[in-house]
Amino acid sequence: MGRMAVAAIVSLWIVPVSLTVNRIVPDPYMDEIFHIPQAQRYCRGDFKTWDPMITTPPGLYYLSLAYVASLFPGMWFAKGIQSLPELCSTSFLRSTNAVMAVVCSVLVYDLLISLSPSLGEKKATFYAVLIALYPLHWFFTFLYYTDVASLTAVLAMYLASLKKRFLISAMFGAIATLFRQTNVVWVAFVAASAAISYVEDLCGKDRVNLMYKKLKIDGKDVNKNSSAVVPTLRKRRMGASTNPSQLTNSKVIRFLPLNDSGLINEIVELTLKLWRLKWKVLVTFFPYLLVLLVFGALVVLNGGIVLGAKEDHVVSLHFPQFMYFGLAAAAALAPAHFTLGQASTLWQSVRRNKIGNFVNLLASLVLCMIFVHFFSIAHPYLLADNRHYTFYIWRKLIQAHRSMKYLLVPVYVYSWFSVTTALGKAQKKVWVLLFCLANALVLIPTPLIEFRYYTIPFYFLILNSKIEENIKWIVIGILYASVNIITMLIFLYRPFQWDHQPGIQRFIW
């Protein structure tokens with residue numbers, strides 16, 4: 001069990017499904033009509049021609065070029081292929097994402113082990129395989145889109161940061177921005193998360209050293225009393241209460257008991273630690289800062305974050321997009337969020353502070369009502385192409401009745417409440433706040449409702465959610481597999497065709 005097992009199991013479905021897709025759908029599909037010709041230009045050495053309909057950077061095309069070039073000598077020897085462009089067929093370019101999907105599954109395995117060392121290889125293998133079935137990631141493994149490579153780069157950045165290899169992490173972050181511009185937000189998120197862990201570790205070491213010095217000053221033999229000292233230090237490093245007078249020093253900050261403190265206390269404590277260690281943090285995390293600065297400069301030079309089709313991708317205040325993600329993410333983990341047990345847990349947490357939580361709940365409902373009333377956006381792309389699930393969700397659910405978008409607000413609020421509660425069991429409140437802010441920065445400016453935009457934040461969510469019951473994972477896997485099978489059967493055997501009636505621009509079955 002382990003990395004090899006995950007790679008082998010994921011390959012068992014990627015290879016046959018890829019062959020089937022390329023046999024039945026050999027021509028570029030949907031956005032592939034833009035990406036594949038552009039990649040083929042790169043294969044011919046034409047790096048100056050750019051399709052103005054492409055909005056994302058050329059990272060995927062460079063990756064495919066490197067991938068094809070690495071295979072060219074062997075293919076030339078085996079099949080007599082005379083030139084590199086001959087390898088840049090639709091099926092071969094699609095295989096780039098197939099390879100990336102296998103790498104991505106291995107990264108998920110390593111992340112699970114890093115985030116939960118007690119998980120064990122067998123469970124980590126099982127969970128990684130199930131996560132690889134996540135429908136939005138699974139389906140686009142077989143098409144030439146930027147999503148799979150983008151996710152892989154972001155996860156590689158996250159894993160390197162957890163292993164304290166910050167330079168390598170920043171390099172993967174730079175690569176991630178070459179696939180999707182919004183990945184710069186996840187670069188900032190990973191950097192901030194790593195900085196929090198970094199200062200916590202440094203301050204933890206200071207606290208241990210101070211305790212040992214205090215014991216020596218008091219005339220106690222540390223070695224003889226190690227059995228009593230070590231458990232105490234462990235408890236205090238885990239956030240147990242300490243006497244501030246024992247830790248007050250010109251070089252040491254008071255350590256608040258995080259388990260008993262609120263978000264404000266966490267922010268205050270973290271700010272003090274960051275200020276004290278500002279130069280160490282700045283030097284250590286400068287590679288991330290450099291990525292952010294270079295990206296900002298390129299945005300200024302480009303005149304905006306979008307490369308092409310700027311008129312159709314204008315930055316908007318699309319607040320409901322943030323709410324849609326909460327519901328979509330909770331629904332994707334329905335066995336963990338939409339259960340009577342979870343509803344009861346959330347209700348009990350509300351009852352602990354009735355007045356405060358009631359006010360927060362009421363404010364959330366009112367704010368979300370305002371958002372859906374004034375900021376709901378129906379992008380032209382959403383209404384123009386009925387090959388997306390979002391087309392039917394918008395037409396048949398959200399727009400089924402004028403009151404429907406308001407009736408869904410309590411579901412949005414419940415979903416986010418459940419998601420943040422689940423994350424709060426595994427991460428600090430500050431981390432959860434940063435996660436929410438990162439989602440807001442990625443999703444709110446985006447006018448188009450597109451579930452593919454939810455993939456990266458969903459992976460951060462599921463990797464940091466402590467879903468311990470195997471039965472929940474099994475149900476999640478069954479749900480994912482069912483959606484994948486139905487979607488692929490429709491895609492392969494119920495193809496869409498253009499309706500050529502005058503004045504109608506839609507696909508028919």
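These questions and answers go through one predicted model. Residues are numbered from 1 along each chain as its sequence is written, and side-chain values use heavy atoms, with hydrogens and water left out. Because the model is predicted, local features need pLDDT of at least 70 and side-chain atom pairs count only at pLDDT 80 or more, while totals for chains, interfaces and linings use all residues.

Student: Which residue does a disulfide join to Cys43?

Tutor: A disulfide is a pair of cysteine sulfur atoms within 2.5 Å. By this rule the count comes to one disulfide. Its S to S distance is 1.8 Å, and the partner of Cys43 is Cys88.

Student: How many residues apart are Cys43 and Cys88?

Tutor: Helices here are DSSP runs (H or I, at least four residues; strands are E, at least two), numbered from the N terminus. Cys43 lies in helix α2 (residues 32-43), and Cys88 in the loop between α3 (59-79) and α4 (90-115). The pair links distant parts of the chain, 45 residues apart.

Student: Is Cys104 buried or exposed?

Tutor: Buried means under 20% relative accessible area, exposed over 50%, and partly exposed in between (1.4 Å probe, protein chains only). Cys104 has 1% relative accessibility, so Cys104 is buried.

Student: How are α1 and α25 arranged relative to each other?

Tutor: Axes are lines fitted to C-alpha atoms, for helices over the stretch in contact, and angles run from 0 to 180 degrees between N-to-C directions. The axes of α1 (residues 3-24) and α25 (residues 470-493) come within 10 Å and cross at roughly 25°. Angles under 35 degrees count as roughly parallel, over 145 as roughly antiparallel, 65 to 115 as roughly perpendicular and the rest as oblique. So α1 and α25 are roughly parallel.

Student: Which residues in α25 does α1 meet?

Tutor: Contact means heavy atoms within 4.5 Å. From α1, the residues involved are Val17, Thr20, Val21 and Ile24. In α25 they meet Met488, Phe491, Leu492 and Tyr493.

Student: Why do α5 and α25 count as roughly parallel?

Tutor: The axes of α5 (residues 121-131) and α25 come within 9 Å. They cross at roughly 25°, and the cut-off for roughly parallel is under 35 degrees. The reason is therefore the crossing angle of roughly 25°.
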